[in-house]
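Work through the exercises below with the sequence and the model open. Each task is followed by a solution in steps.

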Number of protein chains: 2
Amino acid sequence: MPSAALLLWAPLPLLALPAVAALPGLAPTLLLLPAAFHATSHAVAACRATLLARGFAGRDLLKPHRPELVPESAGLPAAATYVLLLFCFIPFKYARSDVHDLEARADGAWQGQIGGRSGFPHHELSLYLCALLSILSSVLLGWLDDIFDIRWRLKMPIPLVASLPMLVVYHAGGGGTSVVVPGWPGFLRELLGRVIDLGPLYYVFISMLSTFSVHSINILAGINGVEVGQAVVIAASLCVNSAMYLDPRAGEPGSWASKELRDRHLFSLSLLVPFCGCALGLLRWNRFPSRVFVGDTWCYFAGQVLACAGVLGHFSKTLLLFFIPQVFNFLLSCPQLFGIVPCPRHRVPKVHASSLALYPSRALLKDAKPSAKLSALRRPILELLQALRLVQLEYDKRGAITSTTNLTLINALLVFAGVRGPPSLPADSADGEGKEAAADAAPSGPRITEPTLWGLVMGTQIAGSLLAFTVRYWLAGVVFPVQ
Amino acid sequence: MPSAALLLWAPLPLLALPAVAALPGLAPTLLLLPAAFHATSHAVAACRATLLARGFAGRDLLKPHRPELVPESAGLPAAATYVLLLFCFIPFKYARSDVHDLEARADGAWQGQIGGRSGFPHHELSLYLCALLSILSSVLLGWLDDIFDIRWRLKMPIPLVASLPMLVVYHAGGGGTSVVVPGWPGFLRELLGRVIDLGPLYYVFISMLSTFSVHSINILAGINGVEVGQAVVIAASLCVNSAMYLDPRAGEPGSWASKELRDRHLFSLSLLVPFCGCALGLLRWNRFPSRVFVGDTWCYFAGQVLACAGVLGHFSKTLLLFFIPQVFNFLLSCPQLFGIVPCPRHRVPKVHASSLALYPSRALLKDAKPSAKLSALRRPILELLQALRLVQLEYDKRGAITSTTNLTLINALLVFAGVRGPPSLPADSADGEGKEAAADAAPSGPRITEPTLWGLVMGTQIAGSLLAFTVRYWLAGVVFPVQ
């Protein structure tokens, strides 16, 4: 599968090739891609036995035939490898014996006269350091979460803390805090002008962005390889997006990219390209059938890398576009997250023991006691979702809804494909887990196994990226006209 | 004990008071001292039950009457509190709404014209970020060591990796790589000149420095509170040293400190003062009788904070002077570390079960099979150390040495004070542990209990600091004359 994924993104280095010729600074970043892949793969392999021995292990709910424990928290060796590689990369990037050479790089962008050393790209170095700091603190916090199972209300603001250094450096870099007002409907621009400065609110937005990206990867989970796969697709899409700005003639007449823009995207690539390598190295072990699980450490780490690349590369709104499937998953989950529909502890699909076909898991509605106000919303919401083929409902003889498939993107894909699980039994209660799924009746509809479903999720993610490119480079020009 | 320790260092804020009046930037740093103390104390208290439940627990070898487990790795909540406080401190320090105000601070030291924002102290920010990055990566690596018990040969270079960002920022700050050649013997200066530029070798020196400070705190351990206590004394001594440079009239005629020097020491204080607060908050729980153990996490964290303050404050050679007791402990340990004398697994003193008096632990020599060359060195070394009252030997009837007290500072203090353990029995073999120490015969000499021994070690550390000040501000002037 990593080889397939590599093949999928083979155009990436090809796209970058002409840029490397003109921008030699790109070469070490690209060399880190295979280095990160192999180093991560070896690090994960080396840590498996120790993780098991130390009790970081779990059972795979969707493998009724494989009762053995799988090592958990393999995101930690992957993240540690990433940070280690980027640490070792610092001296090569910044420790020139004669820093005054750098003054020759008269880009005008990132140079300074600072006590001690002139010509040293101090701001670029602080960008790099603060990205590493934000990422490393996310890794530590994710690892603490894996060990101590931090409660949700404490967990929510964790990425906010980790993003603090990023905010300060964004400020130091003179980051914009303005957004362009849509050109339609017309009165908006008459009222607000073409550009509106959000000021401190913009900092709230970018700090929420890292919280969002961390937790949205965390909730689109449950089947082998999906946490890593989605991060690979998003990161690779961002790489493609950044590669488009790598014009060696940037700033000259005839080029659409300014030097500042190009250098910021070069910076983002130096975070994202090694990340792709690490994620693919981890995917080698995490893909179906998983030989490691990635744990919360991975979600915190991946979310923060993507947020750092977006914020410090000054394309945070574009970043959000590549999270369309995650946003969709979040919106779909809202009725369960806010108590309108009961939410069982596990919402992963269930597996039919003999055929290994997956079918959507269900939440039973009769035992639930939501407030009267919210339960009035329940029926119209669920029936709307059923009309959209995102959930499949069960009714009793009087026409009341007795159960619904769980409201996640993964279940919705199964419902959409036409998979129908066996009728839910009373024993299959709201907190029922995978092992009870060994019902006798096979699911009806197409037989979708775990690797197929993984492919469907990845396909959705890639479709989301294509949509994002369309919105960013075509629709944005329509909605936000320059004049 | 923390109150006693606070009392001990009460002169510190008093010394700083006149400086605060003239340097308002110092006030938030000093406010972090009590904040760090209370936050750490609460964080450690809150984590005790969870650490125990997750199996991070150990038995206290020196408390035969207390068989219950004590939570381990409490350095982690302390370090996390420290990093969190310093994270939250970043925006207050650097996120001014109008950074151009900073240009008014016409110190000439740390300002720049950098793409985007002019007047922003980019280099100072990268100093701060890289210090946090080095510290955070040390914490993560220490925590990994606590969980996975990394082997020594892999463990040794760990702090090197964590110090990489520090080296680059030292370079970016135009850090000196020269050392002054001693004025005596005279031919040295005739040969080498007054100042010699070590170039890259100097970077090797400062990266070794963080390795040294981490591991030297790690090996001067074994009795309650000693890992934290030594870090408090060293940090407080460095604070006193830095406070001496806080001249508000720095740079003007009549002041001995330059503005550059003052600002660097201000920076070091912003790392060291909160560290003192954290260490004292942890000591509250770690002092005799320990209700938590600190683990390797603490040693990695404390060593890296001290190394960062020294290197980024540009006083790395002075820093080394405050590690005199650690250097002494290391040199004393060398015969055991290099196999000249056998080295048992635990070298902590032993305890007499009924009186709780401590006596030095022993290494048996008869079972050892060192190489012929090294064993020739053994007798002269041990007898020299005995003559210096640092070890106490046992002989058989033929005059051969049968055992020696272990070669650590802590055992040496007991020997020096005149404590003699009961004669070693054959059962008390080289790998004997504390529980076998419940011998019938009480140790002879003065009765030294664990808190008394802690006091002796702290006294040694304070004496070391006084010696360091003497060397730095008197002897240095004699050995390294200006002309």
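**Exercise 1.** At what angle do helix H17 and helix H18 of chain A pack, and how far apart are their axes?

Solution. This is a predicted model, in which local features need pLDDT of at least 70, side-chain atom pairs count only at pLDDT 80 or more, and totals for chains, interfaces and linings use all residues. Residues are numbered from 1 along each chain as its sequence is written, chains are lettered from A and ligands numbered from 1 in the order in which they are written, and side-chain values use heavy atoms, with hydrogens and water left out.

Step 1. Find H17(A) at residues 409-417 and H18(A) at residues 450-479; helices (H or I, at least four residues) and strands (E, at least two) are DSSP runs, numbered from the N terminus.

Step 2. The angle is about 105° and the axes lie 10 Å apart. Axes are lines fitted to C-alpha atoms, for helices over the stretch in contact, and angles run from 0 to 180 degrees between N-to-C directions.

Step 3. H17(A) and H18(A) are therefore roughly perpendicular to each other (angles under 35 degrees count as roughly parallel, over 145 as roughly antiparallel, 65 to 115 as roughly perpendicular and the rest as oblique).

Step 4. H17(A) contributes Ile410(A), Leu413(A) and Leu414(A) to the contact, and H18(A) contributes Leu453(A), Leu456(A), Val457(A) and Thr460(A) (contact means heavy atoms within 4.5 Å).

Step 5. Sorted by type, the residues of this contact are 6 nonpolar, 1 polar and no charged. Here Ala, Val, Leu, Ile, Met, Phe, Trp, Tyr, Cys and Pro count as nonpolar, Asp, Glu, Lys and Arg as charged, and the others, Gly among them, as polar.

**Exercise 2.** Describe how H11(A) packs with H13(A).

Solution. Step 1. Helix H11 (residues 226-243) and helix H13 (residues 295-312) of chain A meet at an angle of about 10°, with axes 11 Å apart.

Step 2. H11(A) and H13(A) are therefore roughly parallel to each other.

Step 3. Among the contact residues are Ala231(A) and Leu238(A) of H11(A), and Trp298(A) and Leu306(A) of H13(A).

Step 4. The contact residues comprise 9 nonpolar, no polar and 1 charged.

**Exercise 3.** In what order do the strands E7, E8 and E9 of chain A lie in their sheet?

Solution. Step 1. The 3 strands form an open, antiparallel sheet in the order E7-E9-E8; two strands pair if DSSP finds at least two bridges between them.

Step 2. E7 (362-364) and E8 (393-395) of chain A have a single partner strand each, so one side of each is left without a neighbour in the sheet.

Step 3. On average, neighbouring strands are turned by 20° against each other, direction ignored.

Step 4. E9(A), residues 401-405, is joined to E8(A) by 3 bridges, and 3 bridges also join E7(A) to E9(A).

Step 5. Thr404(A) is the bridge partner of Leu393(A) and also stands opposite Ala363(A).

Step 6. In E9(A), 5 of its 5 residues are buried (under 20% relative accessible area; exposed is over 50%, partly exposed in between, with a 1.4 Å probe and protein chains only).

Step 7. The hairpin of E8(A) and E9(A) has 5 residues between the strands, and Gly399(A) takes a positive phi near 90° there.
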